[in-house]
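Subject: A structure for you to look at

Hi there,

Here is the structure I promised to pass on. Have a look at it first, and then read on for what turned up.

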Amino acid sequence: MRKGMAFGKCREDRMGTFIVLSIVLILIYFAVRSVIRDKKAGKCSGGCAGCSKSCSQTQRDKTN
């Protein structure tokens, strides 16, 4: 009888872990998708110093 109760508790713990893991994976998916879309659109994803494309002088002035 105790084995079934222990298994049920373990199963509930796994369900909570599964839900949290699913939420984290969804957030990572949207973050990566956003970065990829920005790169395809030619946007800088960080400051102008780390950008491979040269930003305009007005953009540099705004960030500094």
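This is a predicted model: local features need pLDDT of at least 70, side-chain atom pairs count only at pLDDT 80 or more; totals for chains, interfaces and linings use all residues.

Now for the surface. Of the 64 residues in the protein, 5% are buried. The protein exposes about 6,000 Å², and 63% of that comes from carbon and sulfur atoms.

One nonpolar patch on the surface is formed by V20, L21, V24, L25, I28, V32 and I36, which together have about 600 Å² of accessible area. Among them, I28 sits in helix α1, which covers residues 2-40. I28 counts as partly exposed because its relative accessibility is 46%, and that class lies between 20% and 50%.

What about aromatic rings? Searching the whole structure gives one aromatic pair. The ring centres of Y29 and F30 are 5.2 Å apart and the planes are at 70°, so this pair is edge-to-face; the cut-off for that label is over 60 degrees. Y29 is partly exposed, at 48% relative accessibility, and F30 is also partly exposed, with a relative accessible area of 42%.

Enjoy exploring!

Best wishes

Conventions: Residues are numbered from 1 along each chain as its sequence is written. Side-chain values use heavy atoms; hydrogens and water are left out. Rings of Phe, Tyr and Trp (its six-membered ring) pair if their centres lie within 6.5 Å; planes under 30 degrees apart count as stacked, over 60 as edge-to-face and the rest as tilted. Buried means under 20% relative accessible area, exposed over 50%, partly exposed in between (1.4 Å probe, protein chains only). Patches are made of residues with over 30% relative accessible area and no salt bridge: like charges are joined within 9 Å, nonpolar side chains (Val, Leu, Ile, Met, Phe, Trp, Tyr) within 5 Å. Accessible areas come from the Shrake-Rupley method with a 1.4 Å probe; for residues, only the protein chains shown count as cover. A salt bridge is a side-chain nitrogen of Lys or Arg within 4 Å of a carboxyl oxygen of Asp or Glu. Helices (H or I, at least four residues) and strands (E, at least two) are DSSP runs, numbered from the N terminus.
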